[in-house]
Amino acid sequence: MTQVQTRQLTKRFGKTVALDQVDLCIEPGELFFLLGPSGCGKSTLLRMVAGLLEPDAGSILFNGRDVTAMPTQRRNAVMCFQNYALWPHLTVKQNVEFGLKERKISGGERTKRLNEALESVRMSQYAQRKPNELSGGQQQRVALARAMAVRPDCLLLDEPLSNLDAKLRNEMRLEIRSLCKSAGFTTLYVTHDQKEALSVADRIAVLREGKLMQVGTPAQLYQQPNSSFMAEFIGQANLIQGRVLERDGEWLGIDTPIGQLVARGEAQLGHTVRLCLRPEQIYLDDASLAGKISDAAADPGWNRLSGECISSLFLGESSEHVVRVRHRELRVLATPPQLNVAENISLRFRPCDVRVLSE
Ligand code: ADP
Ligand code: MG
């Protein structure tokens with residue numbers, strides 16, 4: 001298994017800085033995601049790791065060894081492209097065999113790997129077809145099988161599920177995860193789909209305009225966003241500005257437009273901070289729910305606010321309410337019952353659920 005590192009990796013295209021001094025360390029066997037909006041530099045980073053594109057500055061290391069100048073065919077890093085790149089004149093079987101032949105894998109081992117790879121993407125029955133006799137999704141799965149059959153040190157996947165329908169995409173997510181994990185590949189997986197990243201990744205790096213914004217496990221990125229960009233990029237967020245009035249260890253008293261709040265975090269007295277409060281971490285203290293409020297909820301340490309219901313949307317398993325608190329609108333995700341517009345609502349949330357953002 002291979003550890004993959006990038007150090008201060010930089011790439012410019014004319015005036016565009018596609019990647020700006022990116023430091024990453026992907027552990028052996030890790031399923032690591034690059035996530036970010038279109039054009040943020042994900043494919044550029046992947047192509048440099050594959051050796052298909054030369055960086056302007058910085059370096060790439062495999063197991064501590066500098067491979068920046070190593071030609072692509074000598075790195076065992078295999079790329080699976082967004083647009084398949086299958087040979088049109090070869091059958092599915094021949095396409096998957098191609099990389100194995102190139103690597104001089106023959107006989108029983110070749111057959112075994114071929115069959116395993118086709119089986120894993122459920123394409124065995126199409127082995128004799130040509131790419132133009134397959135749907136887009138099927139072509140993508142063949143491309144995946146071709147990359148996996150080679151058993152790369154580093155498997156590079158560029159939006160591998162973007163052409164599949166929603167149902168297959170969901171199934172393939174988990175399949176790719178279990179394939180990569182059981183094979184022990186170090187995998188770099190590019191996507192702009194945050195649900196895909198959150199549900200499949202060991203860790204995620206978020207890029208924005210070529211810059212690395214944050215690296216962490218899905219839960220860390222969600223629970224501890226380091227900036228307002230991250231808070232809004234992963235999940236939903238109520239962002240509230242405030243000033244630190246009191247500080248007692250890690251507990252902060254913060255003056256905000258919706259009232260004085262207690263939060264947990266790092267900030268200097270007197271400084272302006274931004275707070276992130278997730279909609280599902282706000283609880284309703286509706287009179288009709290009084291009987292259901294647990295002892296914990298009665299804890300005086302909770303933040304408590306009251307406001308007026310502006311809208312209430314039934315979403316099935318939950319409801320989304322907008323509650324106006326002193327001219328500020330807070331989004332609240334809670335289980336039904338529905339609220340009535342203009343109804344007076346009491347809200348509560350834990351101080352530890354109010355994240356203090358660093359920028
Ligand atoms: P992503 O994969 O995140 O959508 P890319 O890595 O493809 O983004 O592109 C990052 C930036 O670099 C974009 O602004 C893109 O237009 C630019 N770019 C990528 N490849 C080239 C190229 N070959 N020539 C010029 N600009 C490029
Ligand atoms: Mg791309």
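This is a predicted model: local features need pLDDT of at least 70, side-chain atom pairs count only at pLDDT 80 or more; totals for chains, interfaces and linings use all residues.
Four strands make up an open sheet, arranged in the order β2-β1-β4-β5 with antiparallel pairing. Its edges are formed by β2 (16-26) and β5 (65-66), each of which pairs on one side only. Strands of a sheet pair through backbone hydrogen bonds, either parallel or antiparallel. Within this sheet, strand β1 (residues 4-13) and strand β4 (residues 57-62) are joined in the antiparallel sense over five bridges, and Gln-5 stands opposite Leu-61 in β4. Packed on the sheet is helix α1 (residues 42-50), which touches β1, β2 and β4 and whose direction makes about 120° with that of β1.

**The pair α4 and α5**

Two packed helices are described by the angle between their axes and the distance between the axes. For α4 and helix α5 (residues 166-183), the axes come within 13 Å and cross at roughly 0°. Because angles under 35 degrees count as roughly parallel, α4 is described as roughly parallel to α5. On the α4 side the contact is made by Arg-141, Leu-144 and Met-148, which meet Leu-168, Met-172, Ile-176 and Leu-179 in α5. Sorted by class, the residues of this contact are six nonpolar, no polar and one charged.

| Residue | Relative accessible area | Class |
|---|---|---|
| Arg-151 | 33% | partly exposed |
| Asn-238 | 4% | buried |

Arg-151 lies in the loop that runs between α4 (136-149) and β7 (154-158). Neighbours within four places in sequence being left aside, Arg-151 is in contact with Asn-76, Glu-109, Lys-112, Arg-113, Glu-116 and Phe-185. Asn-76 is 75 residues away from Arg-151 along the chain, yet the C-alpha atoms of the two are separated by 8.5 Å.

Asn-238, by contrast, belongs to strand β11 (residues 238-248), and its relative accessible area of 4% places Asn-238 in the buried class because that class covers values under 20%. When residues up to four places away in sequence are not counted, Asn-238 touches Leu-275, Cys-276, Leu-277, Arg-278, Pro-279 and Ile-282, as well as Glu-329, Leu-330 and Arg-331. With Arg-331 there is also a polar approach, in which a polar atom of the Asn-238 side chain lies 2.8 Å from the backbone nitrogen of Arg-331.

Methods:
Residues are numbered from 1 along each chain as its sequence is written. Chains are lettered from A and ligands numbered from 1 in the order in which they are written. Side-chain values use heavy atoms; hydrogens and water are left out. Two strands pair if DSSP finds at least two bridges between them. Helices (H or I, at least four residues) and strands (E, at least two) are DSSP runs, numbered from the N terminus. Contact means heavy atoms within 4.5 Å. Axes are lines fitted to C-alpha atoms, for helices over the stretch in contact, and angles run from 0 to 180 degrees between N-to-C directions. Buried means under 20% relative accessible area, exposed over 50%, partly exposed in between (1.4 Å probe, protein chains only). A polar contact is a pair of N or O atoms within 3.5 Å; within protein, one must be able to donate a hydrogen and the other to accept it, and residues adjacent in sequence count only if both atoms are side-chain atoms. Angles under 35 degrees count as roughly parallel, over 145 as roughly antiparallel, 65 to 115 as roughly perpendicular and the rest as oblique. Ala, Val, Leu, Ile, Met, Phe, Trp, Tyr, Cys and Pro count as nonpolar, Asp, Glu, Lys and Arg as charged, and the others, Gly among them, as polar.
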